[in-house]
Amino acid sequence: MTINWTDVGAAIEVAPQSARRVETVMGAIAVFRTMADEYYAVFDKCPHKGGPLSEGIVHGRAIACPLHNWSISLESGEALGADAGKGCTPTVPLRVENGRILLGLNF
Ligand code: FES
């Protein structure tokens with residue numbers, strides 16, 4: 001499958017340990033930046049009851065959902081800890097190039 005890389009903004013616009021919600025033709029995607037300056041993208045929908053992960057708290061390479069505090073891996077999209085195995089949010093390919101965030105959106 002060919003990946004269509006789409007520029008969704010400047011990397012610097014996402015503050016460390018925060019997220020930005022990006023509306024795409026595939027749905028809302030949350031782009032995260034960790035304290036270590038790593039970037040990840042997952043669909044902005046918690047696998048539990050659809051909470052907005054972009055409004056959660058980034059800790060390490062995971063996000064705590066703002067609704068019921070499930071911890072979701074930013075690397076795999078899978079629920080962690082006590083909720084491991086209960087659900088998964090699809091991840092989205094992401095790369096940072098020349099200071100821009102590119103998402104791999106397939107059409
Ligand atoms: S909706 Fe995310 S933990 Fe419940």
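Leaving aside neighbours within four places in sequence, Ser54 is in contact with Ala19, Arg21, Ala30, Phe32 and Asp44, where contact means heavy atoms within 4.5 Å. Ser54 is placed in the loop between β4 and β5. With a relative accessibility of 14%, Ser54 counts as buried; the term buried denotes under 20% relative accessible area, exposed over 50%, and partly exposed the range in between, for a 1.4 Å probe and protein chains only. The model is a predicted one, in which local features need pLDDT of at least 70 and side-chain atom pairs count only at pLDDT 80 or more, whereas totals for chains, interfaces and linings use all residues. Residues are numbered from 1 along each chain as its sequence is written, and side-chain values use heavy atoms, with hydrogens and water left out.

The overall architecture was examined next. The protein contains 0 helices and 9 strands, and its pattern along the sequence reads β-β-β-β-β-β-β-β-β. Helices (H or I, at least four residues) and strands (E, at least two) are DSSP runs numbered from the N terminus. For 107 residues, a compact globule would have a radius of gyration near 13 Å, and the value of 13 Å found for the protein agrees with this. That radius is taken over C-alpha atoms, and the globule rule is 2.2 Å times the number of residues to the power 0.38. Along the principal axes, the C-alpha atoms fill a box of roughly 40 × 30 × 20 Å.

Of the 107 residues, 44% count as buried. The accessible surface of the protein comes to about 5,700 Å², and 51% of this area belongs to carbon and sulfur atoms. Accessible areas come from the Shrake-Rupley method with a 1.4 Å probe, and for residues only the protein chains shown count as cover. Among contacts between residues at least 6 apart in sequence, 40% join residues at least 24 apart.

Charged groups were then considered. The mean positions of the 9 positive and 11 negative charges lie 4 Å apart. In this count Lys and Arg are positive and Asp and Glu negative, while His and the chain ends are not counted; the place of a charge is taken as NZ of Lys, CZ of Arg, CG of Asp or CD of Glu. Side chains of opposite charge can pair when their charged atoms come close. A search of the whole structure finds 9 salt bridges, each defined as a side-chain nitrogen of Lys or Arg within 4 Å of a carboxyl oxygen of Asp or Glu.

One of these salt bridges joins the side chains of Glu23 and Arg21, at 2.9 Å from N to O. Glu23 is exposed, with a relative accessible area of 56%, whereas Arg21 is partly exposed at 43% relative accessibility. Arg21 and Glu23 also belong, together with Asp44, to a network of salt bridges. Both Arg21 and Asp44 are among the residues in contact with Ser54.

A salt bridge is likewise formed between Asp37 and Arg33, whose closest N and O atoms are 2.6 Å apart. Arg33 counts as buried at 12% relative accessibility, while Asp37 is partly exposed at 45%. The side chains of Glu38 and Arg61 meet in a further salt bridge, at 2.6 Å from N to O. Glu38 lies in the loop between β3 (27-33) and β4 (39-43) and Arg61 in the loop between β5 (57-59) and β6 (62-64), so this pair ties together parts that are 23 residues apart in sequence. Glu38 is partly exposed, with a relative accessible area of 22%, and Arg61 is partly exposed at 40%.

Strand β6 includes Ala64, which is buried, with a relative accessible area of 13%. Not counting residues up to four places away in sequence, Ala64 touches Gly56, Ile57, His59, Asn69, Trp70 and Ser71. Ala64 and Leu80 are 16 residues apart in sequence, and their C-alpha atoms are 9.9 Å apart in space.

Positive phi values were found in residues other than glycine. Asn69, one of the residues touched by Ala64, has a positive phi of about 70 degrees although it is not a glycine. Asn69 is located in the loop between β6 and β7 (71-73) and is exposed, with a relative accessible area of 56%. Gln17, also a residue other than glycine, has a positive phi near 60 degrees. The loop between β1 (4-10) and β2 (18-24) holds Gln17, which counts as partly exposed at 40% relative accessibility.
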